[in-house]
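The following paragraphs lead through the structure displayed below, beginning with the sheet, continuing with the helices and ending with the relation between the chains.

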2 protein chains.
Amino acid sequence: MDRIFRALADATRRDIVRRTLGGEASVSELAGAYDMSFAAVQKHVAVLEGAGLVTKHPHGRERMVRGNLHTIQRAQALLERYEQIWRSRIDRLDELLADTGE
Amino acid sequence: MDRIFRALADATRRDIVRRTLGGEASVSELAGAYDMSFAAVQKHVAVLEGAGLVTKHPHGRERMVRGNLHTIQRAQALLERYEQIWRSRIDRLDELLADTGE
DNA sequence: CTAACATGCAACCATATGGTTGTAGATCAC
DNA sequence: GTGATCTACAACCATATGGTTGCATGTTAG
């Protein structure tokens, strides 16, 4: 989970995720989209791959990068648990107020 | 957004968020819960505060830490947009298949 | 008032991160 | 086959991060 959030904590990487969720792209296509070296973009893709946010699929001499929805959903599930914790606290407070009121 | 995800990319900080969403806690209460120095926990709280994931509220000599649901929801909204992008890609693919089928 | 406690902050250290350049292996185009 | 292209990977550098200790300040308790 550390790696997922860490990978998402960079605007370039989030943009790569966005692009590759919308449709797969080769590493060099991605590299062309940002104002940094090919190797830098490649490293970003590697970080995303390590976090499971994208997968790479060889196609000839290119590696097509695909966003992986499942990992996004894992992060979402965690945040939803947090929201649930918050709501249950409110419920407890409501209960407490109800008890006081009786 | 960088800071939000970066702050969440650490197990100790996620645990602090979880605890303080369930009910506020002082910095020293939090520090007692982890096997590291007070200053280290204090830094984690500062990172979370900088990301807007928690707020601090003076109460006597203590500072009570509260999880901030709103920031969690901002992160959720981003992930949901990603999910939406993915779904719209699938829709486009479906459309394409439908066209081919006709 | 004084001692103990809660916090903040600075200095320091080791390691991780994000970028660079350069080199080398595959694969495609001609 | 040869050159161009796509990718991978290593070495290197500056800065950020996560931890430590030590010290200063504010607040409560007795």
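**Sheet, helices and symmetry**

In this predicted model, chain A contains an open sheet of three strands, ordered β1-β3-β2, with antiparallel pairing. Two bridges join β1(A) to strand β3 (residues 62-67) of chain A in the antiparallel sense. In this part of the sheet, A:S26 stands opposite A:M64 in β3(A).

Helices are placed against these strands. α2(A) packs on the sheet and touches β1, β2 and β3 of chain A, its direction making about 95 degrees with that of β3(A). α4(A), in turn, lies across β2 and β3 of chain A and runs at about 115 degrees to β2(A).

The two helices also pack against each other. Helix α2 (residues 11-22) and helix α4 (residues 38-50), both of chain A, have axes 10 Å apart and meet at an angle of about 70 degrees. Because of this angle, α2(A) is roughly perpendicular to α4(A). The crossing in which α2(A) passes α4(A) is right-handed. On the α2(A) side, A:T12, A:R13, A:I16 and A:V17 meet A:H44, A:V45, A:V47 and A:L48 of α4(A). Sorted by class, this contact comprises five nonpolar, two polar and one charged residues.

Finally, chain B is superposed on chain A by a rotation of 180 degrees with 0.0 Å of shift along its axis, at an RMSD of 0.0 Å. This is therefore the relation of a two-fold axis. Both copies use the same surface, since 100% of the contact residues of chain B recur in chain A.

Definitions and conventions. Residues are numbered from 1 along each chain as its sequence is written. Chains are lettered from A and ligands numbered from 1 in the order in which they are written. This is a predicted model: local features need pLDDT of at least 70, side-chain atom pairs count only at pLDDT 80 or more; totals for chains, interfaces and linings use all residues. Axes are lines fitted to C-alpha atoms, for helices over the stretch in contact, and angles run from 0 to 180 degrees between N-to-C directions. Helices (H or I, at least four residues) and strands (E, at least two) are DSSP runs, numbered from the N terminus. Angles under 35 degrees count as roughly parallel, over 145 as roughly antiparallel, 65 to 115 as roughly perpendicular and the rest as oblique. A crossing is left-handed if the near helix is turned anticlockwise from the far one by less than a right angle, and right-handed if clockwise. Two residues are in contact if their C-beta atoms, placed from the backbone, lie within 7 Å. Ala, Val, Leu, Ile, Met, Phe, Trp, Tyr, Cys and Pro count as nonpolar, Asp, Glu, Lys and Arg as charged, and the others, Gly among them, as polar. Copies are superposed by least squares on the C-alpha atoms of residues with pLDDT of at least 70 in both. Two strands pair if DSSP finds at least two bridges between them.
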